[in-house]
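Dear colleague,

Please find below the structure that I am handing over to you, followed by an account of what was found in it.

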Amino acid sequence: MPPRHDLGPKSRLGYTASQLARAAELRHDDAAIGSLAADSRAGFYVMGGESIVLKKGSPLNEALFSATEARAVGPALETVFLGLLDGAPRFGIGLPSQTVDTLKERDDLLVIDLRSIAVQGLTDAEHLPPIAEAKAILHWHARRRFCSNCGAPTQVVEAGWRRDCPNCHMQHFPRTDPVVIMLTVDGDNCLLGRSPRFAPTMWSCLAGFIEPGESIEDAVRRETLEEAGIVCGRVAYIASQPWPFPSSLMIGCHAEAVTRDIVVDRTELEDARWFSKDEVAAMLLGQHPQGLTTPPPVAIAHHIVRAWVEDEIGFD
């Protein structure tokens with residue numbers, strides 16, 4: 001039986017389906033990385049802090065810079081090897097914040113945050129995954145310049161994928177923080193919440209960091225209970241999404257509610273309530289009578305909610 005709501009073609013989930021081969025086996029070979037950086041086909045993504053630098057264009061802005069263009073933009077704090085696209089090398093370059101600020105005055109460049117690029121479609125979607133990769137690891141470099149074991153300055157090795165301490169010989173690797181993001185459902189009703197940070201009309205899935213020693217399923221149940229007072233039973237995995245703000249992995253799930261009475265943790269949420277499937281379908285279509293909305297398609301919350309509306313849910 002087809003779903004009762006026609007939501008149209010599905011959109012691509014942001015920052016996923018990278019076309020790059022990461023070629024991790026090359027990272028330890030400094031000579032090989034040097035040759036790749038000098039390759040005429042090499043492309044560089046340029047950024048600093050929360051800002052991404054694009055070359056202004058029409059209808060889309062260009063995200064890739066040549067080696068010459070990248071050097072002309074400003075001095076790099078770090079350069080990270082991202083991988084190969086059909087043999088063409090791709091790198092991420094991190095600029096000092098003050099350099100990025102001066103670039104905003106140039107007429108040929110667009111300096112803007114990654115969320116806006118993704119939501120507004122300001123560059124080709126194929127660039128979003130490698131930009132997310134570069135942003136996450138360059139953010140790690142910016143905050144891990146000193147050894148957490150002895151405090152000494154660390155050195156960049158492995159083409160940007162490790163920092164070594166010359167004093168105590170500790171090796172430091174980039175980290176990704178796992179986050180559960182879940183839609184709790186009870187038949188034809190689902191639980192959505194509002195964060196004070198959201199746009200005034202937006203409601204979304206609940207979410208929270210997975211704690212040490214905790215499974216995905218246990219984190220889903222704990223976070224739902226803590227934030228909304230709802231006890232959950234079965235949990236079903238839906239999909240995942242790298243979320244480079246600064247460096248998380250969103251693990252999308254559906255959860256089956258066992259209780260119905262909501263008790264909102266006001267330190268975490270502004271509000272939470274049950275929504276019917278018809279109401280959520282109207283939100284996804286931009287047709288809700290009160291103008292309520294869900295997150296945009298670039299976010300995994302949109303896809304988790306849509307999967308439920310279209311009956312793509314099943315618990316073992």
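The UniProt annotation "domain: Nudix hydrolase", from an unreviewed entry, covers residues 174–299. UniProt positions are given here in the numbering used for this structure, feature names are shortened, and annotations may be inferred rather than shown by experiment. The end C-alpha atoms of residues 174–299 are 23 Å apart, and the span is 17% helix and 38% strand. Helices (H or I, at least four residues) and strands (E, at least two) are DSSP runs, numbered from the N terminus.

Please note that this is a predicted model, in which local features need pLDDT of at least 70 and side-chain atom pairs count only at pLDDT 80 or more, while totals for chains, interfaces and linings use all residues. Residues are numbered from 1 along each chain as its sequence is written, and side-chain values use heavy atoms, with hydrogens and water left out.

**Domains**

The domain assignment gives domain 1 (24–141) and domain 2 (177–310); such bounds come from an automatic or database domain assignment. The C-alpha centres of domain 1 and domain 2 lie 32 Å apart. Nine residues of domain 1 and seven residues of domain 2 take part in the contact, where contact means heavy atoms within 4.5 Å. The size of an interface is often given as the accessible area lost when the parts come together. Between domain 1 and domain 2 the buried area is about 690 Å², and carbon and sulfur atoms give 74% of it. Buried area is the accessible area (1.4 Å probe) that two parts lose on being put together, summed over both.

**Pockets and the cavity**

Rolling a probe the size of a water molecule over the atoms shows where empty space is left. On a 1 Å grid over the protein atoms alone, a cavity is a set of points where a 1.4 Å probe fits but cannot get out, and a pocket is an open set with protein on both sides within 12 Å along at least five of seven lines; lining residues have an atom within 4 Å of a point. Grid points are joined across faces, edges and corners, and a volume is the space filled by probe spheres set on the points.

The largest pocket has a volume of about 940 Å³. Its lining consists of 35 residues, of which Arg197, Phe198, Ala207, Trp243 and Met250 lie nearest the centre. Strand 11 gives the most to this lining, with four residues. By class, the lining of the largest pocket has 22 nonpolar, six polar and seven charged residues. Here Ala, Val, Leu, Ile, Met, Phe, Trp, Tyr, Cys and Pro count as nonpolar, Asp, Glu, Lys and Arg as charged, and the others, Gly among them, as polar.

The second largest pocket holds about 320 Å³ of space. It is lined by 20 residues, and Arg22, Glu133, Ala136, Thr176 and Pro242 lie nearest its centre. Helix 5 (128–143), strand 12 and strand 13 each give two or more residues to this lining, and helix 5 gives the most, with five. Domain 1 and domain 2 each supply at least three residues of the lining of the second largest pocket.

**Backbone features**

Most residues other than glycine have a negative phi, and most peptide bonds are trans. A cis peptide bond joins Ser58 and Pro59, with omega about 5°; Pro59 lies in the loop between strand 2 (51–55) and helix 2 (67–73). The bond from Phe245 to Pro246 is also cis, with omega near 5°, and Pro246 is in the loop between strand 12 and strand 13. Asp86, a residue other than glycine, has a positive phi, near 55°.

Yours sincerely
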